[in-house]
Every structure is written in C-alpha cells, then in structure tokens.
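Me: I have a model open and would like to go through how its parts meet. Can we start inside one chain and then move to the chain pair?

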There are 2 protein chains.
Amino acid sequence: MKIVKSIAEMKKISHKIHSSSLKIGFVPTMGFLHEGHLSLIKIAKKMSERTVVSIFVNPTQFGPNEDYYQYPRDIKRDKELLKKEGVHYIFYPSEEEMYPEGFLTTVKVKKLSEILCGASRPVHFEGVTTVVLKLFNIINPDIAVFGEKDYQQLVIIKKMVMDLNLDISIVSGEIIREQDGIAMSSRNTYLSKEERKQATCLYRSLLIARDWIMAGERNTSIIISRMKEFIKTFPSTKIDYIEIVDPETLNPLKRIKGSARILLAVWIGKTRLIDNLQVNV
Amino acid sequence: MKIVKSIAEMKKISHKIHSSSLKIGFVPTMGFLHEGHLSLIKIAKKMSERTVVSIFVNPTQFGPNEDYYQYPRDIKRDKELLKKEGVHYIFYPSEEEMYPEGFLTTVKVKKLSEILCGASRPVHFEGVTTVVLKLFNIINPDIAVFGEKDYQQLVIIKKMVMDLNLDISIVSGEIIREQDGIAMSSRNTYLSKEERKQATCLYRSLLIARDWIMAGERNTSIIISRMKEFIKTFPSTKIDYIEIVDPETLNPLKRIKGSARILLAVWIGKTRLIDNLQVNV
C-alpha cells in the first residue's frame, strides 16, 4: 500500500494503471474510518483491479459554524485498517495541495443542493461536488463508491457525473449499522453515553414509518407526524427535517406509491445526525 | 472530415484516438466562423494529430435579454471552411444533447466571472465554464485553443483547468483584425454600415492608450480618461467599461509596470463589442 500526498504523483500512478488496462475503484473519505467505509472499499475492490481511497477532511464542505476543527482524525489507525483491506493507494493530500492560494472554482448541482441537508447547510454540497470533481480528475477512477447513509450526496454526485458527461460509474453501498441500529458515522464519537442512547431514535423512527407504510398508510404527512411525535419523546433531540421523497429526484411525495426514500436529520444535543430508509410498496 | 452529433459517439472517437497515442487539439466555437476561428484551428492542427472543432451556440451563456436567438448561424458555410482547413471532426450537438431535461449542474470561477464583462453579463461566464467543462469531458483534448479576443474568458478557462486539476493545456491565439483594425467577431454582422465605421473606435482607442504609455504615461486613470474622451466623439457609442488590469489576475492596476492588459467593452448602437491589447513596459 502506497500513501500518495501529491496530486502530480497520484495522476502519474493513475495514468500508469490505465496504461496497463486495469480498472481503478475509488472511495473518497474524510478518514476516521469505520465499518461503513470499509464496506464501500470491499465493493470497490470487487469491481476493480486497483483501489484508491482518499482521506481528506474537506474544509469547503463545512459551514463557518460547523465542526471542521473538531472533526475526528486518526490517520495512523486509518492506514492500518486500509492496509488490512488490501487497498493499493491512499491519496492523502494537504489542504494547500487541494486548495492552493487563489483557488476560485466551484461546482454546484442546483436545486438538489438547496433542499433537505442543503437547507440547513447552505455551502455543504457545493463543497462536496467541487472536491469530488477534483478527486475524480486527479484519480480518474472507472468506478467510485459512495455510501447510502449520505443519500442526498449520492443523488447529487450521480447528477453531477451525468450532467458533466464524466465516464465514471457511481456505485452505492448500503448503510452499515451498529447493533442497536444507529447508522455508522464518524460523528457518532461526539455523542455522550446518554446522547448515544437517544440517537437510536432516528433509525427507530424510520422503522416505525416503515411499519405504518406496510400496514397500508400512504399519506406522507401522517407518517412524518408520527415520526416527529416519536422523536420528540427523546429529550435531547431537535428535528432538523423529516421528508419522504422520490428516490431519484428527491421531490417530496404527498402519497407513497412505488419507491420512496424517508430521510431525516436530527440534532442530538450539539451533534447533527442523519439517516434514511428506502421503502417500496 | 466527420460531423458528430452524439456525445456517446464523440466519446468513442476520442477514446479511439487516444488508444492510438495520438493527440487531440480542440477548438470550441459557436460557429459562423471567421479568420479569427481559423487561426485558432491552425494552431490546434500544428500542436496535435487530430483536430476537433465544436460548433454549439450555447444558450446558457446568453442572458435573458441578450442575442441568443439572433446570433448568426451558417453551418453549411462552417462545414466548408473547416473541411478546407483539414479539420478531422466537427462536434455539432443539439441543445437537447448537451442540456437534457433536468440538467442542474453549473461550474463557476468566482470573482473572475463577476468583473469586467461579467458585471454587465452576470450569467455569461458561468454558462461558458459549464459548457467548456462538458466539452472537455466529452472530447478529452490534450490541448484546447482559445482566442485572446475574449481575453477574460481565456483567463477564466485557464483558472478552471488549474483549479479542477484537468490535464489540458490551454493555448491562446492572437486577435485577428480586419484591415481597419476592428477585431473579428461574429457579432460584427449586426452592425450597419455607419456603425461599422464607428466600431473602429475600440481598437483606435487601444492604440491611443498604447501611444500614451509608450510616451511615458503610467497613471491608468489618466489613460482611461483619454480613451473615454476619444470614444465619446463617436455618436453611436456607449462605453460599458474600460479597464487596465494585471494580465493574469485581472486585478485593476493604478499604475502600469511590467505587463498590463487594456480591456474594453463598448456598445455601438445595439451591438456590444469587446477588444483588448497587451502592453509591456
């Protein structure tokens, strides 16, 4: 496993891999890896001959009052985990390497970036699409794997790839959960013991919604109200949003027919968590 | 010479050219070709083995009250000219091919897009960078040639390529002028006979500025005032802007030292023309 910090070197490596007609599978991460990331890497490994994982806590996707500085980092542990997974290259650039002085370009997927998480995190997705496009141009992957935990991000990246005519297949990996159902996230480390217990309410509210839907309920505002009622019984919670949307366009649905995605963001104390669930009727 | 209308086919062709280790030289145009375009194509031909010229009047770079519908088009004549130049491929997509329903992505080079022409044409450069990035991704050129007549565009494209880590060398071609000095432009066809005469004032004002600078004047506001006075003697003119800037950052200069670029945009009746000139002291 090689750790690459320079863009020029990463480009050379990727060029060499392609000259040997091998496929590159890429998983972008912000590090502090957990089973969720590792599941994506396993997918990338299966679908390509050379795996590249990037570790870069991207400053431009954090708002001014968000947790960029607190975001957990542990490059030593990350390296060990990636070595064990058989990853070929870690791309681990510095902030100056990615955003040299005078950097001005930005990529945005309009509308999709402004709703749901984008409504409360206005610069977030623009930061994500810009850094992901840069990483795509540097690594030149054949496939790139994104987790469904960040479902809106996945939809936005797919749209960007299609709109900008990139030749990358975007593959998604299922949400990996802890024993008690909470979706794995580097941000879970922010939670106190008591908050950690209350954080189970996100997934539990999704299961309640699914139960109601399975029982025949189709009216999304009724389902959302029930989820809200349930979450409000946990004292440290503050709901950011709960929405039931079309899985491709992210347009809110009034009634469920066919496929729908239930998405929510909830503050547990000072930690904002997200989760989502697909339902098909 | 082959005319390619589909993105998928263009990608296949470009992929095949690269598999033969040949270089692609690309010149993006909006058609209605003149000697200015042909000079860029000659550069592309010299620097690569396969030349691709795109013809696409890009709707997203025109503001709502601009001349998208009037913009001159003559694909038959363009084809003949490009055949004579020995161009290998014309990429000539439809609007639906480039912007299918639900298109949402946009690429912007901040600051540089908001000054000079960007101040009076707020959506223009965002439309340019978005379509050029798409064309780059479709054609995958090794070099791309842009004219210095659209000097701000050239600077913005170079910045986008650098910021997004693209492997394309951006080459510039000098302004090609008519006998009387007016910079060649498809928009010159909008001018009446009388306006056409008055339109010489742009280049003549640049030459006046250069003369003053050569005579020792370094104060840019004095030079700009003199250019304005001169242009105002032409009754059909309305100055949009005249600026003397750093050729790379486009930052306005108070005094000239080293290199400077004089840029101006002037309305001649209902036609907005631009021109520019480099000075080195």
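**Domains and chains**

Reply: In chain A, 12 residues of domain 1 are in contact with 12 residues of domain 2, contact meaning C-beta atoms, placed from the backbone, within 7 Å. This is a predicted model: local features need pLDDT of at least 70, side-chain atom pairs count only at pLDDT 80 or more, and totals for chains, interfaces and linings use all residues. Residues are numbered from 1 along each chain as its sequence is written, and chains are lettered from A and ligands numbered from 1 in the order in which they are written.

Me: Which helices of chain A each supply at least two residues of the domain 1 side?

Reply: Helix 5 (117-120) and helix 7 (151-163) of chain A do. The largest share of that side, three residues, comes from helix 7 of chain A. Helices (H or I, at least four residues) and strands (E, at least two) are DSSP runs, numbered from the N terminus.

Me: How many charged residues are on the side of domain 1 of chain A that touches domain 2 of chain A?

Reply: None; that side has nine nonpolar and three polar residues. Ala, Val, Leu, Ile, Met, Phe, Trp, Tyr, Cys and Pro count as nonpolar, Asp, Glu, Lys and Arg as charged, and the others, Gly among them, as polar.

Me: Where are the domain bounds in chain A?

Reply: Domain 1 is 2-173 and domain 2 is 186-280, with bounds from an automatic or database domain assignment. The C-alpha centres of the two domains of chain A lie 26 Å apart.

Me: OK, the chain pair. How many residues of chain B are in contact with chain A?

Reply: 21 residues of chain B are in contact with 21 residues of chain A. Strand 5 (105-109), helix 6 (124-139) and helix 7 (151-163) of chain B each supply at least two residues of the chain B side. Strand 5 of chain B gives the largest share, five residues. By class, the chain B side has 11 nonpolar, four polar and six charged residues.

Me: What does strand 5 of chain A do with strand 5 of chain B?

Reply: They pair in the antiparallel sense over five bridges; pairing requires at least two DSSP bridges between the strands. A:V107 has B:V107 as its bridge partner, and A:V109 stands opposite B:T105.

Me: Is strand 5 of chain B mostly covered or exposed?

Reply: Mostly covered: five of its five residues are buried. Buried means 20 or more other C-beta atoms within 10 Å of the residue's own, exposed means 12 or fewer, and partly exposed is in between, with C-beta atoms placed from the backbone. On one side are B:T105, B:V107 and B:V109, on the other B:T106 and B:K108.

Me: What rotation superposes chain B on chain A?

Reply: A rotation of 180° with 0.0 Å of shift along its axis, at RMSD 0.0 Å. That is the relation of a two-fold axis. The superposition is by least squares on the C-alpha atoms of residues with pLDDT of at least 70 in both copies. In chain B, the C-alpha nearest the axis is that of B:V107, 2.2 Å from it.

Me: Why do the copies meet through the same surface?

Reply: 100% of the interface residues of chain B are also interface residues in chain A, so the surface is the same.

Note on methods. Two residues are in contact if their C-beta atoms, placed from the backbone, lie within 7 Å.
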